[in-house]
Amino acid sequence: MKPLIIVSGLGYTGYKIYNLLKQQGANVVGINNRPIATQVDDQIIVGDLRSPIVLIEAGIKQASTIVLASGDDALNVAILTQARILNSKIRIVNRIYNHTLGARLDKTLTDHFSMSVPSLAAPIFAFAASGNQAIGHLKLFEQTWALHEEVITKEHPWHGLSLAQLWDNLDQMLIYYLPKNSEMDLVSAVVNNQVLELGDHLILANKAKVKPKRSFFLFRWLKVFFNINTYKQYAQSIIMVTLTLLTLIFLATFTYLCVNWEISPVDALYFSVGMITGAGGKEEVAESAPDVIKIFTAIMMIVGAGIVGICYALINDFVLGSRLKQFWDAARVPTKNHYLICGLGNVGMEILRELHQQGHEIVVIESDHNNRFLRSVRSLGIPVIVEDASLADTLQAANIQGANAIVVSTSNDMINVEIALTVKALTPKIPVILRVQDNQFAESVKQVFQFENVLSPTELATYSFAAAALGGRILGNGMTDDLLWVSLATMITPNHPFCEKFIKEIATEADFVPLYIARGRENIHGWNLLNAQLTNNDVLYLTMPATKLDQLWRVSSSSPLLISR
């Protein structure tokens, strides 16, 4: 009998995970706190997700894995504790937003794997923004690799090319092979010099290109200088008040000089400044003047006190408030070849991290002055424009005309569509990567408005949760022709079913694709990989269908856990 998997919390994400596991033939039971529309063959229990009675009814004592799919971190942790009390050996896949908490839970608890929708979906958004039509990503060699699918056509440069010729390229890994006219696996195709034919599908992983960062001090200051026009909207009020103050000082100085030519211009200026600012000095300039000038002086004192007070208030607000940050951010906005991110939530922040790691220049537009990520973004040296991204003036302030692409990632679908339409009205040719929650709505929006990429984070992340539920620490995954395949790493121990066997033989038998072997400090790949014999303490990195993971990690109680990220 297949091991039991429980999915707790059947919201939008949870129910998709449940259905995908069921589609892959897993023995799965769902738990939800309220009734939902179900299919005839669904096994769903309704009740309090934290209740021991509900968990026992779902089969927690016999279950091998529980997926905590609720969007509430506190609720997931509460379910986690109850699940571990009832079954100390159960494997937990935890959807969690708090990265710090997730990392601590992973270190503290055995067989606990924290995952989040934003971090899983972000690389796909980043690849799409860079012009790479990725279907997934892998984490290998401490790098992010973009997954994409090649369909062989008559015009394709690989048509008629032998798979053996593509096998040894270390910058482009072959991940999976789906021939149109046969059932041959990738390793057998490589060994037998199989030629790519019309209709064949090939999944490949390419290294994410890292752009060298321009960190020259002079370059940064030149950017500030050339963006001097952007200062106006942030410093206009201060400039106007300062000009008014200088005008008053000039008027007073000129008046005193006209009344008494015996005083020097310096004394007249000194008295005017002291009189208007309240500092005093050289009072004899006005004491010997006519009554009209004394009345003029009194009026100037009153007006000057008001102007100086307003000026001090504006300067204080500019320096100590948020305006100085906005002023500095606006001055550092690149004129071209940058990426715009609209919406600085969990998804937007993860996309920003991915693009920043690849060395791209980024500008963020966020409407909330109290957004919790603003400090973190500015600490990375990334300018933030705190304005409404749906306004044309805001987009123009971010130099939308020179941007490489824009990622619209707020949590509101309608706001995202509005921003995207504004962008297209300003610059029709700029690539727009749009975040939409519902995948069906995403498809219709893409078709009607002809946006380049409309992506659903939940849809992108679901496969990773399902793959993790089926076995081990997942390095990446993908979906091709209703087949969920995963990339993972497995430690070879004496009781492992692959121990002492040659890669070329077991890859064909078990239908997996070897990526490389980590043996001590050495990595074995290419043709040496196919001829290698697995030994104790080897770490084998591979891809295989999720439905066949049982043969790797359920061999015996001492079977190795899948490792690494």
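Predicted model: local features only at pLDDT ≥ 70, side-chain atom pairs only at ≥ 80, totals over all residues.
**View 1. The largest cavity and its lining.** The structure holds one cavity of 30 Å³ or more. The space in the largest cavity comes to about 30 Å³. Its lining is formed by Y176, Y177, D185, L186, D511, F512 and V513. By class, five of these lining residues are nonpolar and two are charged. No polar residue takes part in the lining.

**View 2. Helix α5, residues 117-129.** This helix has 13 residues. At 1.5 Å a residue it should span 18 Å, and its end C-alpha atoms are 18 Å apart, so the two values agree. Twelve of the 13 residues are buried, so α5 is largely enclosed by the rest of the structure. The buried residues are V117, P118, L120, A121, A122, P123, I124, F125, A126, F127, A128 and A129. Just after α5 comes G131, with a positive phi of about 90°.

View 3. E354 sits in helix α14, which runs over residues 346-357. Is E354 buried or exposed? E354 counts as buried, because its relative accessibility is 9%, under the 20% cut-off. With neighbours within four places in sequence left aside, E354 is in contact with A122, P123, A126, K139 and T144. Among these partners, A122, P123 and A126 are also buried residues of α5. This view therefore shows E354, buried at 9% relative accessibility, in contact with residues including A122.

Definitions and conventions:
Residues numbered from 1 in each chain as written. Heavy atoms only, no water. 1 Å grid on protein atoms, 1.4 Å probe; cavity = no way out; pocket = protein on both sides within 12 Å on 5 of 7 lines; lining within 4 Å. Points joined across faces, edges and corners; volume = space filled by probe spheres on them. Nonpolar A, V, L, I, M, F, W, Y, C, P; charged D, E, K, R; others polar. Helix = DSSP H or I, 4+ residues; strand = E, 2+ residues; numbered from the N terminus. Buried < 20%, exposed > 50% of the residue type's maximum accessible area, 1.4 Å probe, protein only. Contact = heavy atoms within 4.5 Å. Expected span 1.5 Å × (residues − 1).
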